Amino acid sequence: ASAAKPLPAYAAWKQPEAMIVHSANTIETRREAFGSGVVTPLRQLYVRNNLPPPDESIVADRDAWMVDIAGVAKPMSLSVAQLKTMGLQTLAMVLQCSGNGRGYFPNKPSGTPWQVGAAGCVVWSGVPVSVLVEHCGGLAPGAMFMTGTGGEKLPDGLDPNMVMVERSVPKEAMQDALLAWELNGEPIPLAHGGPLRLIVPGYTGVNSVKYIKRLAFTDKESQAAIQQTGYRLAPPGQKGDPSHPSVWAMGVKSWINTPNPAASKLKLGRVVVQGVAFGGTNGIKQVEISVDGGKSWQQAELVGPDLGRYAWRQFALPVDLPAGEHVLVSRATDTEGRVQEEDRPQNSGGYINNGWRDHAVTVAVQ
Ligand code: MSS
């Protein structure tokens with residue numbers, strides 16, 4: 001086996017034992033590293049960059065970072081210092097890569113083969129986008145989408161649309177969106193989009209644009225490839241194009257973290273099955289657990305604080321496991337009654353895998 005890859009310099013402060021380094025721009029949390037606190041510690045939070053992150057110097061003077069606001073009655077350019085005078089909201093949310101769970105697609109779609117660890121539940125503070133829009137005199141007529149542009153320096157000689165990180169979401173998503181400067185009570189580290197990040201709760205990670213330099217309310221979706229052809233739910237075998245649904249809101253999902261599938265032998269007896277469940281844009285109503293691969297189900301208890309509809313809930317269920325092999329699965333239901341499905345949604349990009357079957361853990365008990 002090849003040696004584990006080292007953490008890249010911009011994320012060197014992460015806890016190496018907790019992470020799987022796929023590449024310098026794709027770093028996953030190990031399933032067995034998720035603890036029982038509801039909030040994911042930053043040193044264990046996954047990282048995903050489509051482009052290499054900007055230079056660390058952009059977080060030297062955070063308050064001086066500028067963002068352009070367009071597609072409003074009074075377009076303006078604002079510093080983080082000015083944003084901090086406008087309002088404050090704090091929200092807990094599941095940050096999950098669109099491709100989390102891609103590693104379970106049997107046909108191996110191109111892209112990082114994430115298992116469960118391209119996700120975490122984190123707390124953001126910043127100004128509500130709705131407050132900002134009001135400050136700018138309201139939306140310009142014809143606004144349909146909220147479009148965020150990342151602050152990376154683009155490589156020379158390439159069509160900017162081919163490389164830039166610019167994502168559009170329906171303008172309704174601005175309702176609970178933030179321009180955030182703080183993450184889990186700290187200034188947002190560069191790795192996670194500091195000094196300023198657009199936060200679109202309930203949507204997959206790609207829609208929360210890091211180091212945001214422009215927030216525009218637009219009549220059309222961004223022309224960038226990452227919007228037009230990337231992150232599209234294309235049928236298996238097809239390339240993404242604008243006729244396919246964009247990867248936006250997350251579905252209901254849960255998985256078991258304990259017992260740890262990496263621990264091959266468990267002692268006979270009682271074990272507390274634990275994991276996390278979230279509903280994307282909705283809260284969680286209930287989680288059921290099966291210790292027989294989905295034949296029969298028992299209701300788990302939701303434990304720990306409820307940090308709101310965008311956060312995940314922890315669940316726990318003590319069970320007695322006799323000797324032998326057991327397939328443990330969880331199935332969540334959100335507050336609107338949507339039930340996590342057994343099968344992964346088929347699509348060529350390996351996106352939004354929330355099927356419970358793929359997330360099973362098999363444990364051997366002696
Ligand atoms: N932003 C920017 N600016 N850039 C990049 O690259 N990426 C995405 C987001 N944002 C980017 C951005 C993705 S894709 C994701 S997931 C996220 O981010 C992540 O985050 P973190 O913090 O974890 O790293 Mo998939 O859907």
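Me: How is the lining of the largest pocket divided by class?

Reply: The lining of the largest pocket holds five nonpolar, eight polar and four charged residues. Ala, Val, Leu, Ile, Met, Phe, Trp, Tyr, Cys and Pro count as nonpolar, Asp, Glu, Lys and Arg as charged, and the others, Gly among them, as polar. The model is predicted, so local features need pLDDT of at least 70 and side-chain atom pairs 80 or more, while totals for chains, interfaces and linings use all residues. Residues are numbered from 1 along each chain as its sequence is written, and side-chain values use heavy atoms, with hydrogens and water left out.

Me: What makes a space a pocket, and what makes it a cavity?

Reply: Both are sets of points on a 1 Å grid over the protein atoms alone; a cavity is where a 1.4 Å probe fits but cannot get out, and a pocket is an open set with protein on both sides within 12 Å along at least five of seven lines. The largest pocket contains about 330 Å³ of space. Its lining has 17 residues, and Arg-102, Ser-110, Tyr-231, Gly-349 and Tyr-351 lie nearest its centre. A lining residue has an atom within 4 Å of a point.

Me: How many cavities are counted?

Reply: Two cavities of 30 Å³ or more are counted. A volume here is the space filled by probe spheres set on the points, which are joined across faces, edges and corners.

Me: Why do E8 and E9 count as paired strands?

Reply: Strands are DSSP runs (E, at least two residues), numbered from the N terminus, and two of them pair if DSSP finds at least two bridges between them. Five bridges join strand E8 (residues 145–150) to E9, so the pair meets the rule. One of these links Phe-145 to Pro-170 in E9.

Me: What makes E5 and E9 edge strands?

Reply: The open sheet has the order E5-E4-E13-E8-E9, with mixed pairing. Strand E5 (76–79) and strand E9 (166–170) each have a single partner strand, so one side of each has no neighbour in the sheet. Neighbouring strands here are turned by 20 degrees against each other on average, direction ignored; the axes are lines fitted to C-alpha atoms, and angles run from 0 to 180 degrees between N-to-C directions.

Me: In what order do the strands of the antiparallel sheet stand?

Reply: The order is E14-E16-E20-E19. Strand E14 (253–258) and strand E19 (301–303) have a single partner each, so these two stand at the edges.

Definitions and conventions
Helices (H or I, at least four residues) and strands (E, at least two) are DSSP runs, numbered from the N terminus.
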